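Please look through the sequence and the structure shown below before reading on. The paragraphs after it are meant to be read with both in view.

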Amino acid sequence: MYRAEYTEHEVVIYLSGRIDSNNAPDAEQQIQSCLKERKDQHVSLDFGQLEYISSAGLRVILHIRKRIPDLSIINVSAEIYDILDMTGFTQMMDVRRSYREVSVEGAEIIGEGANGKLYRIDSDNVVKVYNNPDALEDISMEREKARIALVLGIPTAISYDVVKVNGHYGSVFELLDASAFAKILAEEPDRFDWCVQEFTDLLLKIHSTVVPAGKLPQIKQTALRWIGDLKEFLPADAYEKAYQLVTAVPEDNHMIHGDYHTKNVVLQGDEVLLIDMDTLAVGHPIFELASMYNAFRGFSEYDHSVMERFHGISYETGVKFWDSVMKTYLGTQDDKEAKSVEDKARIVGYIRLIRRSIRRGGLETEKGREEINLWKEELLSLLSCTDTLLFDRKQS
Amino acid sequence: MAFPEKIDLHMHTVFSDGSETLPELLERIRENGISLFSVTDHDSIQAAEEMEKLAGQENPDGSRCLSLADGIQCLNGVELSCRDEDGKYHILAYGYDRNAAPIWELIHNAHRIRMNKVSKRLVWLEEAFGFLFDQKDIEYLYSLNNPGKPHFGILMAQHGYAASKDEAMTNYLNKKEFKEEFIRPEEAIEGILKSGGIPVLAHPFYGDGDQLILGEEMKYRLEKLIDFGLQGLEAYYSGFTQKLIASAEELAADHHLLITAGSDYHGANKTVLLGDTGLERVSDAAPGLQAFLERVL
């Protein structure tokens, strides 16, 4: 007899074993009798323990579905999902796969971004574990973004499977023997110049990639929302100035990564790959430089140990790397020139840092308040002496 | 030509594994507003004979499509179980001449094969497990039109050889198949054609009802049957999703086949609803169905 669980809004019926022509009528009767106690709750058939379903079983599902049009099927194994997909069940009803459980205990963390951590699970594969416990939508969005990037010629890895890791979702990528640039910088200091060049080349490649309209979000719109969130926090004139500066940046159809730092650029063999694609967008490169400033300096400006903890390199190395990348990117060796672009980037960068910290309860701790005040003072002083966020880059 | 709007060309009675007698089924057909139907018992055309008596005098002897007093039409039908090296098939026959020798030959042959299976299965159950049955049980099995494993399963449960019919099926009856004798699809199709009937492949993607045959395999099987003379596909079927119906319509169009619509109603023995064929109105159907109706009406 199938087990069923009843809650206020849901009836879950746990199917098990095999359903074929020998027991299909019986299976249907069992399901029907589980439904006798149902009032108007939603119904899910849990396929977690179902080993096999023949077409006689599919017909049973179809009959139940005719009586209960919003029927769901959950916890479906990959094999049965294929059958349901080929026969058109996935198109006509809610069918959800079950996800393989993967352990990351003792696994090396090889990357870390705003939304999750990247673990190596064996010599060929890595899993990105999402912080958000309900990340399925994020996963499919990131996958789509990675696909767009790959089609446009940006080397990246596309996830091929979704798994469960300690109650969180993870997406699995093939990434053979890859090292993040953060690790190379930490372990092979003599490759510093090489890292700068490769890191900058990929950045230039991203920023020269034109994305067809509508494929990726405009980062400018996102940046305007960040500023909007600080309306109460900033003095009115500073808020107005920040809003005008961002508004004046033209929309742009070139790609930006949105979280470009040394843990999201990895070396696989002799290929440099971009990973963590969930922030991929289009827009003016000033927004990219802003998030890069934060990654290399902003986050660790108040507490330098943040750099060491996050990137595994010293604050000084991070600052030096950022400075070299900036100059290579801008095609200049002139400190003043680089500094003037950096200051523009810092405006957007601080807005983002302050907003982020406030949203995470930064105003409630002393350390948080001090940090936010440091960023705020810098921001106000920069706003008073900046007229545009636009800049020129010398073509190399 | 005006076509009937609601049709169901695939259903079973007590002459095979359905639960209802023909008069009971007719009652349901009227309640459901079905204006053209066909009784397609497994390997039995007894319903077609019985129908002739129920239909009364107006229909000439040997009519392939009978008109009842209230305007409902009944097409002669049967569902033949076939097998070859590539697997199992259910082949429907429609509009045959009830008096034609070849269709009777097929029915007798199918019945003989089933009876032989009953004998062999009885011997096997006794020799392998020591299960013995009463004379009246054995007579009952032989009296059935379509004795199969489920009937053995019920008897085994009654005798305490197994806890339930399902257990008898799983632990004993499904362990051994008696496959030496079977009707090949080409034999069935030839017999149907020689009796003036239209051979149609039942629930095409489901084989004999328990398989899933898609893509190239389906195409291969279908083209082989067309070489034998198959003329139609049951594209509208209660167990098909819209996607499968669309694939079947496409297969029929690609191979210039007729199309039929059937529920596979078995009365209380299965929960299929009479008239549920996946097709709402005949006027919505692919051209192959109208071509079929033009042939038989």
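The model is a predicted one. Chain A contains 14 helices and 16 strands, whereas chain B contains 10 helices and nine strands. Of the 396 residues in chain A, 40% are buried; for the 297 residues of chain B, the buried part is 42%. To count as buried, a residue must have 20 or more other C-beta atoms within 10 Å of its own. The contacts within each chain can also be sorted by separation along the sequence. In chain A, among contacts with a separation of 6 or more, 69% are between residues 24 or more positions apart. In chain B, 73% of the contacts between residues at least 6 apart in sequence join residues at least 24 apart.

The two chains may now be considered together. Their contact involves 21 residues from chain A and 18 residues from chain B. On the side of chain A that touches chain B, the elements giving two or more residues are α1 (24-35), α2 (55-67), α3 (78-86) and α4 (89-92) of chain A. The largest share, six residues, is that of α2(A).

The largest nonpolar core has 78 residues, and the members that touch the most others are Phe181(A), Ile286(A), Ile347(A), Val348(A) and Ile351(A). Another core, of 66 residues, lies apart from it and includes Leu225(B), Ala248(B), Leu251(B) and Phe292(B).

Phe181(A) belongs to helix α6 (residues 181-187) of chain A. It counts as buried because 24 other C-beta atoms lie within 10 Å, and the cut-off is 20 or more. If residues up to four places away in sequence are set aside, Phe181(A) touches Cys195(A), Phe199(A), Thr262(A) and Val265(A). Phe181(A) and Val266(A) are 85 residues apart along the chain, yet their C-alpha atoms are separated by 5.6 Å.

The packing of helices comes next. Two packed helices are described by the angle between their axes and the distance between the axes. Helix α10 (residues 285-296) and helix α13 (residues 335-359) of chain A pack at an angle of about 70°, and their axes are 7 Å apart. Because an angle from 65 to 115 degrees counts as roughly perpendicular, α10(A) is described as roughly perpendicular to α13(A). Residues on the α10(A) side of the contact include Ile286(A), Phe287(A) and Tyr293(A), while those on the α13(A) side include Val341(A), Val348(A) and Leu353(A). In this contact, nine residues are nonpolar, two are polar and four are charged.

Helix α13(A) also meets helix α12 (residues 315-330) of chain A, where the axes come within 10 Å and cross at roughly 100°. That angle makes α12(A) roughly perpendicular to α13(A). Met326(A), Lys327(A) and Leu330(A) of α12(A) make the contact with Glu337(A), Ala338(A), Val341(A) and Glu342(A) of α13(A). Four of these residues are nonpolar, no residue is polar and three are charged.

Several residues in loops complete the tour. Asn166(A) sits in the loop between β10 (161-165) and β11 (168-174) of chain A. Its phi is near 50°, a positive value in a residue other than glycine. Is Asn166(A) buried or exposed? Asn166(A) is exposed, because it has 11 C-beta neighbours inside 10 Å, and 12 or fewer is the cut-off for that class. In chain B, His256(B) occupies the loop between α9 (242-254) and β9 (258-262). His256(B) is not a glycine, but its phi is positive, at about 55°. With 10 C-beta neighbours inside 10 Å, His256(B) is exposed. Gly160(B) lies in the loop between α5 (149-158) and α6 (165-171) of chain B and is exposed, with 8 other C-beta atoms within 10 Å. From Gly160(B) to Phe131(B) there are 29 residues in sequence and 9.8 Å in space, C-alpha to C-alpha.

Note on methods: Residues are numbered from 1 along each chain as its sequence is written. Chains are lettered from A and ligands numbered from 1 in the order in which they are written. This is a predicted model: local features need pLDDT of at least 70, side-chain atom pairs count only at pLDDT 80 or more; totals for chains, interfaces and linings use all residues. A nonpolar core is a set of buried Ala, Val, Leu, Ile, Met, Phe, Trp, Tyr and Cys residues joined through C-beta atoms within 7 Å. Helices (H or I, at least four residues) and strands (E, at least two) are DSSP runs, numbered from the N terminus. Two residues are in contact if their C-beta atoms, placed from the backbone, lie within 7 Å. Axes are lines fitted to C-alpha atoms, for helices over the stretch in contact, and angles run from 0 to 180 degrees between N-to-C directions. Angles under 35 degrees count as roughly parallel, over 145 as roughly antiparallel, 65 to 115 as roughly perpendicular and the rest as oblique. Ala, Val, Leu, Ile, Met, Phe, Trp, Tyr, Cys and Pro count as nonpolar, Asp, Glu, Lys and Arg as charged, and the others, Gly among them, as polar.
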